[in-house]
Amino acid sequence: MSVDTKDMDNNLPLPPQIMPKCWNEEDRMNALFSPFRSKLTNPLDWSSKYKFWQNLIYEWLKYTMQCNFSIADLHVVFKRKGCTPLCLITVVEELLRNNEIIPEAEFLKEPCDSWAAWSVDIFVKRPLTWSFSKVKSYIVSEEINKETKYIHLKILKNLGERVFSILEDKKENILVPFSEIVNSCKSKINKNISDNTIMLILIWLRREKKVAFTNNADEHELLIKITVHSSDNITEIEEALYKLIKQENELVKEIQFMEELKIDIINQVKCYLANGLRQVAKTHLRKKMELENNIEKRSRTLENIRGLISRIQDTHTNTAVLLAYKTGSDVLKKLSESGLSESNVRDVMDDLSEALDEQKEVQSILSETFESDDSNIDLEQELEELMKLDESVLPEIPSTTLRSNIDDLKDDFKKLRVGNTVVASNTSSLKTSSQTIKKKKTLTEPECM
């Protein structure tokens with residue numbers, strides 16, 4: 001029993017951690033391998049069964065890094081204990097009806113007018129016709145060829161994004177050969193990814209207007225380019241530049257090989273001289289001289305090719321700059337036609353200046369103080385009259401009269417006596433006299449008591 005389980009695990013279409021847990025349950029798998037019953041009889045069971053195979057097919061394609069398959073492929077992959085699933089035709093038909101897959105032959109057809117028109121024809125018109133013809137039954141095995149290849153669109157898009165990221169890393173190159181993309185995909189995505197899968201991915205990327213490619217007529221090599229605009233195509237100039245760059249790389253490799261061969265010949269000459277074989281050493285020296293001449297020729301050719309590449313790149317840059325200038329010139333002309341001229345601008349500026357002056361006058365008028373009908377008296381004048389009125393309440397004393405009054409007071413103080421004592425002989429002793437009077441008064445108070 002353990003041996004059978006081990007053999008079954010070895011024949012699993014996917015690793016055990018990815019496979020459904022029910023794969024080892026006999027009753028459940030017998031039901032899943034059997035043909036579909038009518039959907040009207042048990043819709044829940046029908047949907048559950050379809051969901052199982054839908055997910056399993058998707059996981060298998062994802063794990064194996066492929067986007068196309070046939071019913072015959074599924075029969076081989078999902079064979080269990082000598083039994084093949086009898087329900088896969090219905091599963092494929094449902095996938096077609098839900099636009100999850102598309103026949104490979106339809107996918108490879110070039111769109112007649114545009115990608116949008118092709119999509120409508122593939123994903124709208126034909127599924128409707130197909131659905132109408134399949135109303136009676138989902139299982140008509142004679143109508144489906146088991147060898148027909150189908151493209152799983154979700155897998156295709158997921159792989160397409162990963163391949164496009166690899167192309168973006170190579171965008172410094174104008175064109176990239178298909179062989180180089182295949183090597184990069186095998187090293188960065190998965191070594192098991194096939195050339196056919198990569199080709200289908202590139203076709204999808206071209207449908208999405210992300211890349212353009214063409215066949216090299218001389219070497220039958222597919223060249224790919226990332227498009228900046230949806231209408232971009234590979235031009236003859238880009239193909240010529242690719243050939244020059246490729247020739248440049250080949251010349252560099254040839255020169256490096258000759259330089260290494262030259263070093264080997266020099267070492268051999270030294271060995272022959274050490275062994276006394278001068279004639280043999282001379283023969284190898286002639287080979288060294290011929291090799292040096294070839295290296296010099298290759299170097300001059302490499303210099304010429306690099307000069308051509310530089311001129312082509314400069315011309316391409318100048319062309320782009322010229323187109324930019326032309327675009328700018330056309331835009332300026334259109335703006336001039338719309339009324340942008342020196343006279344119009346001058347008129348507008350004059351009108352603007354006049355409008356600003358009028359606005360200043362309006363603001364000045366609005367900032368003036370409102371005056372009522374009964375406020376004809378100037379406020380400042382009224383304040384001055386009030387000040388004069390306050391001054392008239394206190395009569396003004398002439399300064400000469402004030403001085404004479406002060407002098408009279410001083411004389412009266414001098415004449416003032418208390419008994420036989422003069423209170424003050426001058427104004428300066430007035431304070432002292434008042435203090436003396438206070439002391440005398442305090443001395444006489446006990447006697448009165």
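These questions and answers look at how features of this predicted model get their labels.

Q: What makes methionine 65 count as buried?
A: The cut-off for buried is under 20% relative accessible area. Methionine 65 has 7% relative accessibility, so methionine 65 counts as buried.

Q: Where is methionine 65, and what is its phi?
A: Methionine 65 sits in the loop between helix H3 (43-64) and strand E1 (68-69). Its phi is positive, about 60 degrees, although methionine 65 is not a glycine.

Q: Why is asparagine 99 called partly exposed?
A: Buried means under 20%, exposed means over 50%, and partly exposed lies in between. Asparagine 99 has 28% relative accessibility, so asparagine 99 counts as partly exposed.

Q: Which loop holds asparagine 99, and what is its phi?
A: Asparagine 99 lies in the loop between helix H5 (88-97) and strand E2 (101-103). Its phi is near 60 degrees, a positive value in a residue other than glycine.

Q: Why are helices H8 and H10 called roughly perpendicular?
A: Helix H8 covers residues 153-169, and helix H10 covers residues 195-207. They pack at an angle of about 85 degrees, with their axes 9 Å apart. Angles of 65 to 115 degrees count as roughly perpendicular. H8 and H10 are therefore roughly perpendicular to each other.

Q: Which residues meet where H8 touches H10?
A: From H8 come Leu156, Lys157, Leu159, Gly160, Val163, Phe164 and Leu167. From H10 come Thr197, Leu200, Ile201, Leu202, Trp204 and Leu205. By class, this contact has 10 nonpolar, 2 polar and 1 charged residues.

Q: How do you know what structure residues 274-308 have in the model?
A: The span is 91% helix and 0% strand. Its end C-alpha atoms lie 47 Å apart. An unreviewed UniProt entry lists residues 274-308 as "coiled-coil region".

Q: What share of contacts joins residues at least 24 apart?
A: Take contacts between residues at least 6 apart in sequence: 62% of them join residues at least 24 apart.

Q: How much of the accessible surface belongs to carbon and sulfur atoms?
A: The accessible surface of the chain is about 31900 Å², and 55% of it belongs to carbon and sulfur atoms.

Key: Residues numbered from 1 in each chain as written. Predicted model: local features only at pLDDT ≥ 70, side-chain atom pairs only at ≥ 80, totals over all residues. Heavy atoms only, no water. Contact = heavy atoms within 4.5 Å. Areas by Shrake-Rupley, 256 points an atom, 1.4 Å probe, with all protein chains shown as cover. UniProt positions renumbered as here; feature names shortened; annotations may be inferred. Helix = DSSP H or I, 4+ residues; strand = E, 2+ residues; numbered from the N terminus. Axes fitted to C-alpha atoms, helices over the stretch in contact; angles between N-to-C directions. Parallel < 35°, antiparallel > 145°, perpendicular 65-115°, else oblique. Nonpolar A, V, L, I, M, F, W, Y, C, P; charged D, E, K, R; others polar. Buried < 20%, exposed > 50% of the residue type's maximum accessible area, 1.4 Å probe, protein only.
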